[in-house]
Amino acid sequence: MLKKGVYIITGLMASGKSTIAQMLAEQFDQGVHVRGDIFRKMIVTGGIDMAPESPQAAVEQWRLRYHIAAKVADMYYKSGFAVVLQDVYLGKEVYSFLDLFEAKPLYFITLNPKIDVLLKREKKRSKTGYIIWEVEALENIMKNENPRIGLWIDSSDLTPEETLNDIIKRAESEARLV
């Protein structure tokens with residue numbers, strides 16, 4: 001049984017974040033799916049995408065995106081919704097991102113399929129995620145810099161339904177941070 005809270009779904013592009021976040025939000029009587037990337041897309045001019053050698057302005061926009069996403073999630077939660085927030089949350093910034101939330105409980109779930117599976121899924125998608133970044137470089141950041149907190153799921157051999165069921169079964173005991 002899922003408890004009302006803020007569920008953060010992260011993973012690399014093509015890991016299944018959007019699909020799983022939508023399915024998870026649908027499990028609640030009052031569920032919201034917040035797509036963190038929308039805050040990047042709202043910038044009409046002057047947006048700077050993160051790249052392997054990003055200027056400080058790109059990092060500041062990235063932090064702003066995280067800050068806005070956390071505030072939106074908190075506002076929905078305070079209004080009675082269970083919130084599922086999804087985006088690529090990577091590296092040392094994860095802890096400062098998690099510190100932004102007022103809502104409790106807070107759950108952190110990382111979808112971590114194998115690289116070959118990511119590349120196969122990427123080819124089947126209508127959008128292209130790996131333009132600036134190579135999948136191996138991002139996977140290296142996730143593996144070596146992301147904190148080993150919450151629930152990590154290798155969804156390589158799982159259907160979306162099986163991944164969702166795994167989250168439902170394990171979220172309270174393994175994904176809950178506070």
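This is a predicted model: local features need pLDDT of at least 70, side-chain atom pairs count only at pLDDT 80 or more; totals for chains, interfaces and linings use all residues.
Biologist: Let's start with helices. At what angle do H1 and H7 pack, and how far apart are their axes?

Modeller: Helix H1 covers residues 17-25 and helix H7 covers residues 160-175. They pack at an angle of about 55 degrees, with the axes 10 Å apart. That angle makes H1 oblique to H7.

Biologist: Is that crossing left-handed or right-handed?

Modeller: H1 and H7 cross in a right-handed way.

Biologist: And which residues make the contact?

Modeller: From H1 you have Thr19, Ile20, Met23 and Leu24. H7 brings Pro160, Glu161, Thr163, Leu164 and Ile167. By class, the residues of this contact of H1 with H7 are six nonpolar, two polar and one charged.

Biologist: OK, next pair. How do H5 and H6 cross?

Modeller: Helix H5 (residues 115-124) and helix H6 (residues 135-145) have axes that come within 11 Å and cross at roughly 130 degrees. H5 and H6 are therefore oblique to each other. The handedness of H5 passing H6 is right-handed.

Biologist: Which residues meet there?

Modeller: On the H5 side, Ile115, Leu118 and Leu119. On the H6 side they meet Val135, Glu136 and Glu139. The contact of H5 with H6 splits into four nonpolar, no polar and two charged residues.

Biologist: How many nonpolar, polar and charged residues are in the lining of the second largest pocket?

Modeller: That lining has eight nonpolar residues, two polar ones and three charged ones.

Biologist: Now the backbone. Which residues does the cis peptide bond join?

Modeller: Lysine 104 and proline 105, with omega at about 5 degrees.

Biologist: Where does proline 105 lie?

Modeller: Proline 105 is in the loop between helix H4 (93-98) and strand E4 (106-111).

Biologist: And alanine 14, is its phi positive or negative?

Modeller: The phi of alanine 14 is positive, near 75 degrees, and this is a residue other than glycine.

Biologist: Where is alanine 14 found?

Modeller: You'll find alanine 14 in the loop between strand E1 (6-11) and H1.

Note on methods. Residues are numbered from 1 along each chain as its sequence is written. Side-chain values use heavy atoms; hydrogens and water are left out. Ala, Val, Leu, Ile, Met, Phe, Trp, Tyr, Cys and Pro count as nonpolar, Asp, Glu, Lys and Arg as charged, and the others, Gly among them, as polar. Axes are lines fitted to C-alpha atoms, for helices over the stretch in contact, and angles run from 0 to 180 degrees between N-to-C directions. Helices (H or I, at least four residues) and strands (E, at least two) are DSSP runs, numbered from the N terminus. Angles under 35 degrees count as roughly parallel, over 145 as roughly antiparallel, 65 to 115 as roughly perpendicular and the rest as oblique. A crossing is left-handed if the near helix is turned anticlockwise from the far one by less than a right angle, and right-handed if clockwise. Contact means heavy atoms within 4.5 Å.
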